[in-house]
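The sequence and structure come first.

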Amino acid sequence: IAPGGTRHPERLYYMYRNKLLMIRKSRYFPRPGLAASLCVLMSAVRILVSALATGGVGEAAASFRGLRDGMRGRTGAVALSRP
């Protein structure tokens with residue numbers, strides 16, 4: 001269990017996707033594309049380190065899918081397969 005909650009794949013998917021959607025829509029960032037790209041880079045490193053440390057392949061896959069969908073601007077509910 002991670003600090004602040006559990007690491008369910010669905011939770012991780014929405015966390016990473018929604019973070020990117022907020023960056024892209026926010027007027028706080030003068031260059032949202034650059035901010036989103038840096039977020040993806042830093043998040044990818046974090047996901048990889050976590051996957052290597054815990055062996056959480058399913059969690060990493062859901063997280064990367066969230067990053068991909070966030071960059072594509074996908075919104076709404078998504079069906080994630082359960083192992």
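## Surface and burial

The protein has an accessible surface of about 5700 Å², and carbon and sulfur atoms contribute 63% of that area. Accessible areas come from the Shrake-Rupley method with a 1.4 Å probe, and for residues only the protein chains shown count as cover. Of the 83 residues, 30% are buried; buried means under 20% relative accessible area, exposed means over 50%, and partly exposed lies in between (1.4 Å probe, protein chains only).

## Basis of the model

The model is predicted: local features need pLDDT of at least 70, side-chain atom pairs count only at pLDDT 80 or more, and totals for chains, interfaces and linings use all residues. Residues are numbered from 1 along each chain as its sequence is written, and side-chain values use heavy atoms, with hydrogens and water left out.

## Fold and contacts

The protein contains three helices and zero strands, in the order α-α-α from the N terminus. Helices (H or I, at least four residues) and strands (E, at least two) are DSSP runs, numbered from the N terminus.

A contact means heavy atoms within 4.5 Å. Among contacts in the protein with a separation of 6 or more, 66% are between residues 24 or more positions apart.

## Surroundings of D69

D69 lies in helix α3, which spans residues 57-72. With a relative accessible area of 2%, D69 is buried. Leaving aside residues up to four places away in sequence, D69 touches Y13, R17 and R74.

The side chain of D69 also makes a polar contact with the side chain of R68, at 3.4 Å. A polar contact is a pair of N or O atoms within 3.5 Å; within protein, one must be able to donate a hydrogen and the other to accept it, and residues adjacent in sequence count only if both atoms are side-chain atoms.

## Salt bridges

The whole structure holds two salt bridges, a salt bridge being a side-chain nitrogen of Lys or Arg within 4 Å of a carboxyl oxygen of Asp or Glu. R68 forms one with D69, with the closest N and O atoms 3.4 Å apart. R68 counts as partly exposed, at 39% relative accessibility, whereas D69 is buried at 2%.

R74 and D69 also meet through their side chains in a salt bridge, at 3.8 Å from N to O. R74 is partly exposed, with a relative accessible area of 36%. Through salt bridges that share partners, R68, D69 and R74 are joined into one network.
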